[in-house]
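User: Could you walk me through this model while I have it open? I'd like to go feature by feature.

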Amino acid sequence: MIKKKFFDDVFIVKNEKFIDKRGNIEILDFTRNHQMNQKYNSVITVNKNKGTIRGLHYQRKIPQSKIIKVLNGKIFDVFLNINPRSKNFMKYKYCVLDSKKSESLFISKDYAHGYQTITNDAVLVYYINGKMRPDLSETIIYNDPKLDIPWPLKCSKISDKDLKGQRISFLEKK
């Protein structure tokens, strides 16, 4: 069930959760929505430090849709439309994903994606549609003044690659 829409192709899905004396099981049903009903690979990321930023990443030549589920902790998640043919081109929105909620976030292939950990030891699983090709990965700098993303914390850790990301203005020239 779609719980909240940010754009037509970015939304939070409420997962089914069953609890008994052994623990719980959470069902992420990708067949519920035609946009989510695709073949996925999975990637798990572990982030030790609160304030860590990853992104904003995308692959232009082999675009990927994603489903994101936080397994431990909380993140501030950002998604930026990079499709020049979209009415939402260069618009972004954000949300907080919390492991204590039975929710997943679907992001279509038209978006760059990034997040900041709000807690220590945040663990995420990404379900990615499309081949992951680090050699084709592109980055938009997280602190581009034109975007003015309201990151909730000061950046504590970030990769060299992410620090070398391009400014959003290069998308306007494409």
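User: How many aromatic pairs does the structure hold?

Analyst: This is a predicted model, and in it the structure holds 8 aromatic pairs. One of them brings together Tyr115 and Tyr126, whose ring centres are 6.4 Å apart and whose planes meet at 50°, so the pair counts as tilted.

User: Which strands do Tyr115 and Tyr126 lie in?

Analyst: Tyr115 belongs to strand β11 (residues 111-117) and Tyr126 to strand β12 (residues 122-129), so the pair ties together parts that are 11 residues apart in sequence.

User: And are Tyr115 and Tyr126 buried or exposed?

Analyst: Both Tyr115 and Tyr126 are buried.

User: Which residues form an aromatic cluster?

Analyst: One aromatic cluster is formed by Phe76, Tyr92, Tyr94, Tyr142 and Trp151. As a separate item involving a ring, the charged end of Lys93 sits over the ring of Phe7, at 4.8 Å from the centre of that ring.

User: Switching to strands: what is the order of the strands in the open sheet?

Analyst: The open sheet is made of 5 strands in the order β9-β8-β11-β6-β13, with antiparallel pairing. Its edge strands are β9 and β13 (137-139), each of which pairs on one side only, and the twist from one strand to the next averages 25°.

User: How many bridges join β6 to β13?

Analyst: There are 3 bridges between β6 and β13, which run antiparallel, and within that pairing Gln59 has Ser137 in β13 as its bridge partner.

User: What about β10, is that strand buried or exposed?

Analyst: Strand β10 (residues 103-107) has 5 of its 5 residues buried, so it is largely enclosed by the rest of the structure. Both of its faces are covered, with Glu103, Leu105 and Ile107 buried on one side and Ser104 and Phe106 buried on the other.

User: How many bridges join β2 to β10?

Analyst: Strand β2 (residues 10-14) runs antiparallel to β10 and is joined to it by 5 bridges, with Phe11 standing opposite Phe106 in β10. Strand β7 (residues 65-72) also pairs with β10 in the antiparallel sense, over 3 bridges, and there the bridge partner of Ile67 is Phe106.

User: Now the backbone. Where is the cis peptide bond?

Analyst: A cis peptide bond joins Gly55 and Leu56, with an omega of about 15°. Leu56 lies in strand β6 (residues 53-59), and β6 is also one of the strands of the open sheet.

User: Last topic, pockets: what is the volume of the largest pocket?

Analyst: The largest pocket has a volume of about 400 Å³. It is lined by 21 residues, and those closest to its centre are His57, Tyr126, Ile128, Met132 and Ser137. Two of these names have come up already: Tyr126 is the ring partner of Tyr115, and Ser137 is the bridge partner of Gln59.

User: Which element supplies the largest share of the lining of the largest pocket?

Analyst: The largest share comes from β6, with 5 residues. At least two lining residues are supplied by each of β5 (41-47), β6, β11, β12 and α1 (160-163).

Terms used. Residues numbered from 1 in each chain as written. Predicted model: local features only at pLDDT ≥ 70, side-chain atom pairs only at ≥ 80, totals over all residues. Heavy atoms only, no water. Buried < 20%, exposed > 50% of the residue type's maximum accessible area, 1.4 Å probe, protein only. Helix = DSSP H or I, 4+ residues; strand = E, 2+ residues; numbered from the N terminus. Pairing = 2+ DSSP bridges. Phe/Tyr/Trp six-rings, centres within 6.5 Å; stacked < 30°, edge-to-face > 60°. Lys NZ or Arg CZ within 6 Å of the ring centre and 35° of its normal. Axes fitted to C-alpha atoms, helices over the stretch in contact; angles between N-to-C directions. 1 Å grid on protein atoms, 1.4 Å probe; cavity = no way out; pocket = protein on both sides within 12 Å on 5 of 7 lines; lining within 4 Å. Points joined across faces, edges and corners; volume = space filled by probe spheres on them.
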